[in-house]
Amino acid sequence: MDVTPKYKGSFVKPLKALSHLFREPVTLPMVPRPASDNYRGFHVNDWELCVGCGTCRQICDNAAIRMIHIPGLPDDPAAGLKPRRPAIDYGRCCWCALCVDICPTGSLALSREYVHVSPDMNTYFILPDEKGIHGLNFPKGWAKTDDADLLDLARQPMPQRDPDSRGDNFDEIVHGYDDQAAILEASRCIQCGMCHEACPANMHAPEYIRAIWEGDKERAVREIYRTNPFPEVCGRVCTHRCETACSIGKRGAPIAIRWLKRHAMAALDDERVRTIALEGKVEDRTGKSVAVIGSGPAGLTAAFDLAKLGHAVTVFEAKPEPGGMMRYGIPEYRLPYDRLDADIAVIRAAGVDIRCDSPVGPDLPMDKLRDDFDAVMLATGLGAGRSTRVPGTDHPDVKSAVALLDAITRGESIDVPGRAVVIGGGNVAFDIARSLARLQRKTSGRVDMTLVALEERDHMLADEEEVVEAREEGVVVLNGRGPRQVVLAGPSDKTLGGLETVRCLSIFDEEGRFHPKYDDGDVMLHEADMVIEAIGQASDTGYLGEDLTEALEWARGRIEVGADGATSVSGLWAAGDMVEGPDVIHAVAAGHRVAESIHRFLGGGTTTLEAAE
Amino acid sequence: MSSQHGEGHVSAKDRLARMKSLEEILNTAMAFEKTAQTFYEQLAGRVRKPLRELVAELAAEEKRHYELFEAARDHPETEAHIRERIAVPVNDHRFSDYVHMPALGDHPDDQAILQYAMGREHAAHEHYADLAESAPEGPLKELFKFLSDEELRHKGDLEKRYYEIVHSGGV
């Protein structure tokens, strides 16, 4: 192609071009200028702090964040740890930093790095790295600060009676949240769902917390009843695994999920609760019958589910009232009987026939139940107390905590000891110490109650609030002491003198095995008129009879069951404390599993109440 | 002034009386394990099924120990020392007490069985630790140390199980 003279340029042009050869280039290198301190560059995430809750993903309006499963990371729902981390799509991110401001752990921040050039689109979708997108360790730009934090880390205080007004009676200690406190507490929730996965019964806590926040308590109760027929009980005494896993609890106080459940239940009258709880109940009867032995949380949960599915359910309870350890083990100041009765009334309203004073045994043998019913469930709990069996524990004034709590519930007359020592560091030990302290104050106006626990203060098995409240009520808690012997008042005096304890230096060995080491030079005598043992509980399965005991498979002393609670004997299930150890919410979860399994066994297919809703 | 009875109050005659050959010691230990194994096997027939697994495990552990001692006795290196005489610890009577296995009663529960088994392992551990102390440096000392550690390990396993069952709301 010919070039017109106009574009040919001057004849000196080549010389001009040569002159450029030695000039500095005008293009800049790809090294970014330093950004300001608060610059919002690429994300950085501290993987040690991050729990994989996904709150960053939820808040992102641009859908720029996805949670990616990372094999090998800790996967522990009970501790609130998920093996996933956020990946950012920088084609969508607008650097608003809401993900940083909402992050409950404070693991997410933005670096001051802002340049990324690549023809490969995939490189714009990345897992945040602690060192930044290019691993260049740019300093942090935007990070969470107190004034930018979107979370409220402080819990709404629970109003409760002071020690002076509660020390001589069994009235419930907590008053419950009012509407304002409940809404404020619910508003702290970030809806991450870690609580749902930590709960053994997988309660829909995010949903009912949201309903409370929106002021819709009927919906809250409906959400609660999807998975738990003991909301009044669990709103008071649940071991609240949900709160342990709560993301807010990583830096602040976890959401008071248990107290919010209590609030929702208190807002509706019993009749309305009953109507909501029985929604979805199958009206057609299946013609099948199920016997449940034991009316604790596992037995009654299974009974409730099965009754709602149309089966005829009869519960056989040995004691005068239903509820198992919820009634005969937990003092009323923690769980008022009328609230337990409210939960049980709903279960009865579903059609469950609860027969009290009906122990299975010689008058009502297992064989007859297995003949008369299409399926049988064992849920008899851990009703017997363990003894330390140190010398002297066969003295008549050495009592079992479980037996004493049972007697208090029954309203039996108890010789209240002027001075007492409780052995044990779990909730049962505190239950009996605080109950007897109340009776002491009531009868003599003074408390002389000592609790000795092997564990040190930081490793107590009991809930923290139990320890704090017991001390407020006058119980002397001595940690790191093991029982050595029960002593008599004198060489020729057969009355109880007290308990001798020895300093426990450590409970576990280097490998975490129970191996208490004592300092024999540090011995104390705790003078007492009664010693109460509260170290553990045992199951009494004598009612099964020899033949059935032989037919069943056992593992480590417990009836062996599958994941659905089915035993090795056809038509027989077992669940609850007798299988898993003591815990209400675990028992509720096990009750659901058993009900589902029995329903299938009876020809009900795979339909579950949750799925039917 | 030195005591006319020698070390402490133990006479030379007593010391000689407390000297046993390695063969005797290993035979006593094997008898100890064999008696325990038989004891647990017989107990398994008396207890209810929920406890039978525990008792059977204890019997199997004693059997394993017996075979361990048997292998030790028949090992060429041990055979070379088999006639050596070793000072037997003062608490030997306690070890022997367990060889005779005091009665546990007709219907022991899991706690009683575990307490008994732990006591027994403890006595065995101390016995072998004392033997290791008095044995000359070399393979014999190593053997007794190994046996002592073995009993201690088993006692540790039993203690963990005891805690789970008795202190943690087991059955």
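Helices here are DSSP runs of H or I with at least four residues, strands are runs of E with at least two, and both are numbered from the N terminus.

Before going on, a word on the ground rules: this is a predicted model, where local features need pLDDT of at least 70 and side-chain atom pairs count only at pLDDT 80 or more, while totals for chains, interfaces and linings use all residues. Residues are numbered from 1 along each chain as its sequence is written, chains are lettered from A and ligands numbered from 1 in the order in which they are written, and side-chain values use heavy atoms, with hydrogens and water left out.

H20 covers residues 464-472 of chain A, and its buried residues are A:Glu466, A:Val467, A:Glu469 and A:Ala470. "Buried" means under 20% relative accessible area, "exposed" means over 50%, and "partly exposed" is in between (1.4 Å probe, protein chains only). An α-helix has 3.6 residues a turn, so residues three or four places apart point the same way.

What do the buried residues of H20 in chain A pack against? They meet helix H5 (163-166), helix H19 (427-444) and strand S14 (475-479) of chain A.

## Chain A as a whole

Zooming out, chain A has 24 helices and 22 strands. Its C-alpha trace spans about 130 × 70 × 50 Å along the principal axes. The radius of gyration of chain A is 32 Å, whereas a compact globule of 613 residues would have one near 25 Å. That radius is taken over C-alpha atoms, and the globule rule is 2.2 Å times the number of residues to the power 0.38.

Of the 613 residues in chain A, 53% count as buried. If you take the contacts in chain A with a separation of 6 or more, 71% are between residues 24 or more positions apart. A contact means heavy atoms within 4.5 Å.

## Domains 2 and 3

The domain bounds come from an automatic or database domain assignment. In chain A, domain 2 is 163-277 and domain 3 is 289-382 + 539-612. Their C-alpha centres lie 25 Å apart, and 28 residues of domain 2 are in contact with 29 residues of domain 3.

## A lysine in chain B

Over in chain B, B:Lys155 sits in helix H7 (residues 139-167). Is B:Lys155 buried or exposed? B:Lys155 is buried, because its relative accessible area is 9%. Leaving out residues up to four places away in sequence, B:Lys155 touches A:His515, B:Met118, B:Glu121 and B:His122.
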